[in-house]
Amino acid sequence: MDGIVIVAIAQEGIVGGGGTGTENQSHLISEVTESLLVPYVNYLTFGIDIAAGLIIGLSAIFALIAFFKILIKPIKEQTQSKETIRLNLTRGMLLALDFEIGSDILKTILIPSIRELTLLAVIVGIRIVLSWSLSKEIGRHSTVIEENKQMENTSSSTNQNT
Amino acid sequence: MSLLLPYINIEDIIFTITLVIDIIAISVIAVSVIQTIYYLLIYNFKSLLSSAKTTSISNSTNIQRNFITGLILALEFEAANTVLKMGVYTSLAIEKSSSSSSILSDNFINNFIIFVMVISIRIAIKQSLRFKKGK
């Protein structure tokens, strides 16, 4: 299909054309590149969007299963486990966000006017801020878990000594 | 794949996923609320029978904390939804720009502004819940 388009454009470039030769050539090259690039970028962004959707969907389903599993635990353990589930979901979201940012960067190739580009820039900005805050949260939570582990280790060692 | 692409609509797929995530978030909130009511009833009944007030206070704090964690978990699901919906917005923006006119309609921009406002409100609620939990 793309080959036919390219041949058609090339024929048009050779046969027709009212301007100078270099103008025609540059016009032809830009049209050929566009005809090749647009479907390729469309396929790529489509695949990336689907992948991001699947990642978030699967993370959500796993989180729901884990949530139902912890319901039989005592209430204090439940609170801790809920935090862990949330952080796992956040990790999935972070991965999907990175995918989406990649997809947005690809989409900027297709955007012609400044208004859409501004909208896309706003969305990418929101995504970057979200991703930064999520990664910060994960870091904070992992330090809390390490501190808790250290406290447990020290308390168990003191119990052994006594 | 190239033959299938015109028939597969990315917005439809993502809207289905967001619908599933919405149902999950609602069920998480419902389970948290039911569980909290159940535990509160049990502990209040127990505290009526026994005279140990300090344990009942710590228990109610734990229950409250557990409930807030459940709400924050549900908000996290909604945040995941938001990420997907933003993808739909960008796809629509590109579709609109490439199809008929390069100018986006005012309705679309208004919807986007409302969407951003909803995200900000959610972030504010999440932060306030976290602050409450920390207390």
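**Figure 1. Surroundings of A:T90 in the predicted model.** In this predicted model, A:T90 touches A:L134, A:I138 and B:E76, leaving aside residues up to four places away in sequence. A:T90 lies in helix α3 of chain A. Its relative accessible area is 0%, so A:T90 counts as buried. The side chains of A:T90 and B:E76 are joined by a polar contact of 3.4 Å.

**Figure 2. Salt-bridge network of A:E83, A:R86 and B:E76.** These three residues are linked through salt bridges. Within chain A, A:E83 pairs with A:R86, and the closest N and O atoms are 3.3 Å apart. A:E83 and A:R86 are 3 residues apart in helix α3 of chain A, so about one helical turn separates them. Both A:E83 and A:R86 are buried. The other pair crosses between chains, running from B:E76 in helix α2 of chain B to A:R86 in helix α3 of chain A. Here the side chains meet at 2.9 Å, N to O. B:E76 is buried, as is A:R86. Side chains of opposite charge can pair when their charged atoms come close.

**Figure 3. Salt bridge between A:K107 and A:D49.** The two side chains meet at 3.3 Å, N to O. A:K107 belongs to helix α3 of chain A and A:D49 to helix α2 of chain A, so the pair ties together parts that are 58 residues apart in sequence. A:K107 and A:D49 are both buried. Over all chains, the count comes to 3 salt bridges.

**Figure 4. Contacts of B:F77 in the nonpolar core.** Not counting residues up to four places away in sequence, B:F77 touches A:A60, A:A63, A:L64 and A:L89 in chain A, and B:I21, B:I24, B:A25 and B:V28 in chain B. The largest nonpolar core has 45 residues, and those that touch the most other members are A:I56, B:I21, B:V28, B:F77 and B:F112. Two or more core residues come from each of α2 (21-69), α3 (75-107) and α4 (114-161) of chain A, and from each of α1 (10-49), α2 (53-99) and α3 (106-134) of chain B. The largest share, 11 residues, is that of α2(B). In soluble globular proteins, nonpolar side chains tend to be buried together.

**Figure 5. Interface of chain A and chain B.** In the interface, 48 residues of chain A are in contact with 49 residues of chain B. The area buried between the two chains is about 4300 Å², and carbon and sulfur atoms give 75% of that area. On the side of chain A, the residues that lose the most area to chain B are A:F46, A:I75 and A:R115, together 15% of what that side buries. Across the interface there is 1 salt bridge. With both residues at pLDDT 80 or more, 5 residue pairs are in polar contact between the chains. The side of chain A that touches chain B takes at least two residues from each of α2, α3 and α4 of chain A. By class, this side has 28 nonpolar, 6 polar and 14 charged residues.

**Figure 6. Contacts of B:N66 with both chains.** B:N66 lies in helix α2 of chain B. Its relative accessibility is 2%, so B:N66 counts as buried. Leaving out residues up to four places away in sequence, B:N66 touches A:I75, A:Q78, A:T79 and A:K82 of chain A, together with B:Q35 of chain B.

**Figure 7. Position of B:I34 in chain B.** B:I34 is part of helix α1 of chain B. With 58% relative accessibility, above the 50% limit, B:I34 counts as exposed. B:I34 and B:F67 are 33 residues apart in sequence, and their C-alpha atoms are 9.8 Å apart in space.

**Figure 8. Helices of the two chains.** Chain A has 4 helices and 0 strands, and its elements run α-α-α-α from the N terminus on. Of its 162 residues, 35% are buried. For contacts in chain A with a separation of 6 or more, residues 24 or more positions apart account for 69%. Chain B has 3 helices and 0 strands, in the pattern α-α-α along the sequence. Of the 135 residues in chain B, 39% are buried. Among chain B contacts between residues at least 6 apart in sequence, 82% join residues at least 24 apart.

Methods
Residues numbered from 1 in each chain as written. Chains lettered and ligands numbered in written order. Predicted model: local features only at pLDDT ≥ 70, side-chain atom pairs only at ≥ 80, totals over all residues. Heavy atoms only, no water. Core = buried A, V, L, I, M, F, W, Y, C linked by side-chain atoms within 4.5 Å. Buried < 20%, exposed > 50% of the residue type's maximum accessible area, 1.4 Å probe, protein only. Contact = heavy atoms within 4.5 Å. Buried area = accessible area lost by both parts, 1.4 Å probe. Salt bridge = Lys/Arg side-chain N within 4 Å of Asp/Glu carboxyl O. Polar contact = N/O pair within 3.5 Å; in protein donor to acceptor, adjacent residues only side chain to side chain. Nonpolar A, V, L, I, M, F, W, Y, C, P; charged D, E, K, R; others polar.
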